[in-house]
Amino acid sequence: MGRTRNEQSRGTNFTLCAYVICFTLLLAMIFSYVKLNEISDQSIRLQSQLEDLQEQNQLLTVRIGQRLGRDQIKQQAAERFGMVTLSKDQVTYVNTNNTDTVEIISETELLRDRSQIVAGLARGFRWLVEYIN
């Protein structure tokens, strides 16, 4: 005998639900592959960008090393400003354990109280102290 109409309807509903579930799972799987592909592409772009930035960092590090090399600084100081390296007999060590006080006198006060020669010596001494520091 054949199936009743109610049984046929249940079978059709079950089949329809199975198709909808399979279709939904298929769509979810496709979307997950699309998302995985997008993330993979983004990862490749970021990796490439990272490599470029690391290469740029290395180049800048080399440039900094070239610009701030001790020998180059000495050379620039000698060529531009006529500076020379101090010899050992020109170096004086000062004991700073004792507390001292220093009075800074402006040039106008110095000129008022002293002659022009003393003022010139004071300017030279200040320049020397700034150079050493």
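1. I30 is partly exposed, with a relative accessible area of 42%, where partly exposed lies between buried, under 20%, and exposed, over 50% (1.4 Å probe, protein chains only). I30 is found in helix α1, residues 5-67; helices are DSSP runs of H or I with at least four residues, strands are runs of E with at least two, and both are numbered from the N terminus.

2. This is a predicted model, in which local features need pLDDT of at least 70 and side-chain atom pairs count only at pLDDT 80 or more, while totals for chains, interfaces and linings use all residues. Residues are numbered from 1 along each chain as its sequence is written, and side-chain values use heavy atoms, with hydrogens and water left out.

3. Of its 133 residues, 3% are buried.

4. G82 follows α2 and has a positive phi, near 70°.

5. The count of aromatic pairs comes to one. W127 and Y131 form this stacked pair, at 5.7 Å centre to centre with 10° between the planes; rings of Phe, Tyr and Trp (its six-membered ring) pair if their centres lie within 6.5 Å, and planes under 30 degrees apart count as stacked, over 60 as edge-to-face and the rest as tilted. Because W127 and Y131 are four residues apart in helix α4 (residues 116-132), about one helical turn separates them.
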